[in-house]
Amino acid sequence: MKERVLSGIQPTGRLHLGNLIGAVENWVRLQDKYDCYFFIADLHALTTTYSDTKDLKEDIRQVVIDLLSAGLDPDKCVLFKQSDLPEHSELHLLFSMIIPLPWLERVPTYKSKIAELKEIDLGTYGFLGYPVLQAADILIYKAGYVPVGQDQLPHIELTREIARRFNGFYGNVFPEPKSLLTEFPTLPGTDGRKMSKSYGNTIAISDPPETIKKKVAIMITDPARVKREDQGHPEVCSAYEFYQVLAKGLTDTVAGECRTAKRGCVECKKELAKILIDYLAPLHEKRRQLEKDPAQLDKVIAAGADKARKIATQTLQEAKKAMGLI
Ligand code: TRP
Ligand code: SF4
């Protein structure tokens with residue numbers, strides 16, 4: 001029996017290179033070794049997009065395409081959409097009865113997101129309950145491992161606490177999941193900060209070559225390099241960080257030529273744009289194929305929901321029984 005792995009991603013826009021390197025490529029590797037459940041966390045996306053959902057449906061569709069083009073294989077993993085499984089929401093409600101408010105108020109992402117996304121009113125019931133829904137996502141499949149980034153660790157810890165509290169009240173239903181910390185290099189965005197949707201500094205997996213060229217051209221390089229003949233400091237350059245992650249074999253050459261001013265930033269970034277375009281070319285080809293057959297995408301997601309439902313309904317029944325509801 002393979003151990004079960006589960007993770008989700010929010011459809012808050014096109015997936016970007018940071019998502020690809022930091023999460024999705026890891027999922028693609030995991031699907032060969034584990035019993036994998038991956039899902040589009042559309043209900044979670046509502047916690048921040050609730051006031052304007054006109055793009056949500058298309059964003060969900062695009063994330064499905066992004067994931068499949070990156071190599072998730074519906075024959076190897078269960079790929080589904082969260083809201084297709086009302087069982088998640090029902091378990092979320094059951095959990096909400098037993099979770100003390102301070103457990104949620106002290107989750108670090110709660111305060112940090114409110115501070116970061118000032119333009120959105122996050123003083124909602126749903127946003128406070130975000131990690132409860134995440135716990136339901138994980139526990140309803142009794143997942144053993146949850147691949148996540150550093151920022152999500154408190155959510156996994158809270159999931160373990162919720163499992164313990166539930167089991168303490170009603171008997172052993174939920175195993176405690178472990179996080180599978182994926183320590184991948186974070187890519188900078190075009191402005192030098194961490195690549196993130198909320199900063200608007202991303203390079204999307206689906207960006208066409210022309211867009212990639214433009215975005216790479218405006219990337220922050222060594223600010224001390226004003227003139228072409230100034231010697232550069234690759235260690236402070238965003239473009240160089242990309243070389244370090246995606247073209248390791250070239251880093252020595254690039255760094256050496258930068259330091260001696262043999263290489264100019266314009267040509268250096270042209271070379272980088274080409275590397276990114278080549279890296280994404282097979283994904284773009286796959287995307288073109290997928291775009292041709294929208295009905296097939298719907299089928300894939302419906303089949304994923306059917307598989308997920310088998311486990312989810314069973315666990316929900318167990319939880320309701322344990323609680324004395326049935
Ligand atoms: N909170 C996760 C994120 O923003 C997404 C997510 C929702 C998730 N439910 C999950 C991740 C369950 C892992 C397991 O990245
Ligand atoms: Fe960065 Fe390349 Fe310019 Fe050096 S030459 S500062 S590595 S873009």
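Colleague: Happy to start with the rings. How is a pair of aromatic rings described?

Modeller: A pair of aromatic rings is described by two things, the distance of the centres and the angle of the planes. In this predicted model, a search of the whole structure finds 12 aromatic pairs. Take Trp27 and Phe38: their ring centres are 4.4 Å apart with 0 degrees between the planes, and the pair is stacked. Trp27 belongs to helix H1 (residues 17–30) and Phe38 to strand E2 (residues 35–40), so this pair links distant parts of the chain, 11 residues apart.

Colleague: Are Trp27 and Phe38 buried or exposed?

Modeller: Trp27 has a relative accessible area of 2% and is therefore buried, the cut-off being under 20%. Phe38 is buried as well, at 0%.

Colleague: Nice. Why does the pair of Phe95 and Phe174 count as edge-to-face?

Modeller: Look at the planes: they stand at 70 degrees, and over 60 counts as edge-to-face, so the pair gets that label. The ring centres of Phe95 and Phe174 are 5.5 Å apart. Phe95 lies in helix H4 (residues 86–96), while Phe174 is in the loop between helix H9 (153–170) and strand E5 (178–181), so the pair ties together parts that are 79 residues apart in sequence. Phe95 is buried with a relative accessible area of 0%, and Phe174 is buried with 3%. Both rings also belong to one aromatic cluster, together with Phe166, Phe169 and Tyr170.

Colleague: Last one: how do I read the packing of H4 and H14?

Modeller: Start with the axes. H4 and helix H14 (residues 294–323) pack at an angle of about 25 degrees, with their axes 10 Å apart. Angles under 35 degrees count as roughly parallel, so H4 and H14 are roughly parallel to each other. The crossing of H4 and H14 is left-handed. On the H4 side, Glu87, Glu90, Leu91 and Leu94 make the contacts; the residues they meet in H14 include Arg309, Leu316 and Met323.

Definitions and conventions:
Residues numbered from 1 in each chain as written. Chains lettered and ligands numbered in written order. Predicted model: local features only at pLDDT ≥ 70, side-chain atom pairs only at ≥ 80, totals over all residues. Heavy atoms only, no water. Phe/Tyr/Trp six-rings, centres within 6.5 Å; stacked < 30°, edge-to-face > 60°. Helix = DSSP H or I, 4+ residues; strand = E, 2+ residues; numbered from the N terminus. Buried < 20%, exposed > 50% of the residue type's maximum accessible area, 1.4 Å probe, protein only. Axes fitted to C-alpha atoms, helices over the stretch in contact; angles between N-to-C directions. Parallel < 35°, antiparallel > 145°, perpendicular 65-115°, else oblique. Left-handed = near helix turned anticlockwise from the far one by under 90°. Contact = heavy atoms within 4.5 Å.
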